[in-house]
Amino acid sequence: MSNYITLLRKHGVNPSLLKCPVCGKDAGIALCGRLPKDEEAPREMVGDILCNECQSVVDKKGLLIIAVRDGEKGHNPYRTGQIVGVTEECKNKFFKNCNSSICYMEETQFKQMFNTAQNEFNSESENCKQD
Ligand SMILES: [Zn+2]
């Protein structure tokens, strides 16, 4: 990649909004410059830059867990939309074999693991309201 951007008469710096590859929130802007056939950059694209929220989990040595449909395999499995970020302590305790900061988990296992935690959190929240 070159160190300069060609300003295009038609598309300017040819910007594209970068989406977080984990959660899909806005993560930055790519200045694409000239593309083959003078194409306009896509309005949005999934980049390799995490949004601030996801990056903070990674920075704290935590783990981002993305739920995927049961049986999905490969590089880009179908995601259910559920994402959980866990602390370094939790990662080391329950996900020792995970060498990455981001992993996929099948939906059934994800629900078994996190719906219980969600229910406990909700009931604790209810208790807090009664105090
Ligand atoms: Zn994100």
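Let's start with burial. Of the 131 residues in the protein chain, 12% count as buried. Buried here means 20 or more other C-beta atoms within 10 Å of the residue's own; exposed means 12 or fewer, partly exposed is in between, and the C-beta atoms are placed from the backbone.

A word on the source. This is a predicted model: local features need pLDDT of at least 70, side-chain atom pairs count only at pLDDT 80 or more, and totals for chains, interfaces and linings use all residues. Residues are numbered from 1 along each chain as its sequence is written.

Now overall shape. The C-alpha trace of the protein chain spans about 60 × 40 × 25 Å along its principal axes.

How is the protein chain divided? There are two parts: domain 1 covers 1–51 and domain 2 covers 60–131. The bounds come from an automatic or database domain assignment. The C-alpha centres of the two domains lie 31 Å apart.

Next, contacts. Take those in the protein chain with a separation of 6 or more: 58% are between residues 24 or more positions apart. A contact means C-beta atoms, placed from the backbone, within 7 Å.

On to secondary structure. The protein chain has three helices and six strands. Along the sequence the pattern reads β-β-β-α-β-β-α-β-α. These are DSSP runs, numbered from the N terminus: helices are H or I with at least four residues, strands are E with at least two.

First, the hairpin. S1 and S2 form it, with six residues between them. Gly24 sits in the turn and has a positive phi of about 85°. S1 is residues 15–19, S2 is residues 26–31, and the two run antiparallel, joined by five bridges. Strands count as paired if DSSP finds at least two bridges between them. Which residue in S2 is the bridge partner of Leu17? That is Ile29.

Then the sheet. Three strands form an open sheet in the order S5-S4-S6, with mixed pairing. S5 (79–86) and S6 (102–106) are the edge strands, each pairing on one side only. The twist averages 25° from one strand to the next. For that, axes are lines fitted to C-alpha atoms, for helices over the stretch in contact, and angles run from 0 to 180 degrees between N-to-C directions.

S4, residues 63–68, pairs with S6 in the parallel sense over five bridges. Within that pairing, Ala67 has Met105 in S6 as its bridge partner.

Technical notes:
Two residues are in contact if their C-beta atoms, placed from the backbone, lie within 7 Å.
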